[in-house]
Amino acid sequence: MRMTPRNVAGWGLGLATAWLVVAAVAVAVPAMKIEPMCPVSAEPCDPKVSLDFHGGRVWFCCKTCKQAFEADPSRSTPLAHQQMVLTRQFIQRACPLDGAGVAAGTTLDLGGVEVGFCSDACRTRINQAAIDDQTRLVFGNLGRGFAPVKPLAPKRLPPEKPAAGR
Ligand SMILES: [Zn+2]
Ligand SMILES: [Zn+2]
């Protein structure tokens with residue numbers, strides 16, 4: 001496609017719309033600028049390049065990164081999970097280290113995501129870790145501390161029974 005000025009403007013609109021859609025699942029979260037980064041390259045994402053992953057959606061900067069992720073997601077999985085929380089598809093339910101309840105006044109900012117912990121001990125453990133370890137420990141196992149904002153549709157619905165007497 002030729003990138004005429006109109007096309008460029010259309011892309012920009014698409015970008016805004018895409019992030020608006022994912023932000024719209026968050027109720028009672030104040031409007032804020034969300035800047036998801038590609039979990040493979042840490043570049044800004046292209047809203048047209050995404051993948052369904054672990055009950056949510058992950059965006060990438062380009063198709064090459066998407067293909068690299070599909071070929072071996074393990075290395076970039078913590079950053080993909082972090083992006084899913086940043087884009088408000090998942091919200092925190094518990095301490096990401098042990099699943100215990102989150103205590104007040106224990107938050108840390110991890111890549112734009114405010115994460116709470118059950119105790120000062122868990123917060124200190126993450127606060128003193130290297131950034132790669134922070135991401136891996138907090139977001140590696142997404143289900144321990146985070147839950148999808150919208151319940152996932154069941155894979156198979158029970159068959160509808162015909163109404164009796166018809
Ligand atoms: Zn990328
Ligand atoms: Zn904890």
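Helix α3 holds a run of buried residues: T77, P78, L79, A80, H81, Q82, Q83, M84 and V85. Nine of the ten residues of this helix, which spans residues 77-86, are buried, so α3 is largely enclosed by the rest of the structure. The model described here is predicted. Its chain has 166 residues, of which 24% are buried.

**Overall architecture**

- The secondary structure of the chain consists of six helices and six strands.
- Read from the N terminus, the order of these elements is α-β-β-α-α-β-β-β-α-α-α-β.
- Among the contacts in the chain with a separation of 6 or more, 55% link residues 24 or more positions apart.

- As a general background, nonpolar side chains tend to be buried together in soluble globular proteins.
- Just after α3, R88 adopts a positive phi of about 65°.
- Leaving aside residues up to four places away in sequence, F90 touches G56, M84, V85, L142, F146, A147, P148 and V149.

**Strands β1 and β2**

- Strand β1, residues 46-53, runs antiparallel to β2, and five bridges join the two.
- One of the bridge pairs sets D46 against F60 of β2.
- S50 stands opposite W59, which belongs to β2.
- The hairpin of β1 and β2 has two residues between the strands, and H54 in this hairpin takes a positive phi near 50°.
- Four of the five residues of β2 are buried, and therefore this strand is largely enclosed by the rest of the structure.

**Residue L51**

- L51 is located in strand β1.
- Because L51 has 15 C-beta neighbours inside 10 Å, this residue counts as partly exposed.
- Not counting residues up to four places away in sequence, L51 touches V58, K66, F69 and E70.
- L51 and K66 are 15 residues apart along the chain, and their C-alpha atoms are separated by 7.5 Å.

**Confidence of the prediction**

- The average pLDDT of the chain is 82, and 71% of the residues score at least 70.
- Residues 20-30 have a pLDDT below 50, and the model gives this stretch twelve contacts beyond near neighbours in sequence.
- Over residues 1-18 the pLDDT stays under 50, and the model has seven contacts beyond four places in sequence for these residues.

Terms used: Residues numbered from 1 in each chain as written. Chains lettered and ligands numbered in written order. Predicted model: local features only at pLDDT ≥ 70, side-chain atom pairs only at ≥ 80, totals over all residues. Buried ≥ 20, exposed ≤ 12 C-beta atoms within 10 Å, placed from the backbone. Contact = placed C-beta atoms within 7 Å. Pairing = 2+ DSSP bridges. pLDDT = per-residue confidence, 0-100.
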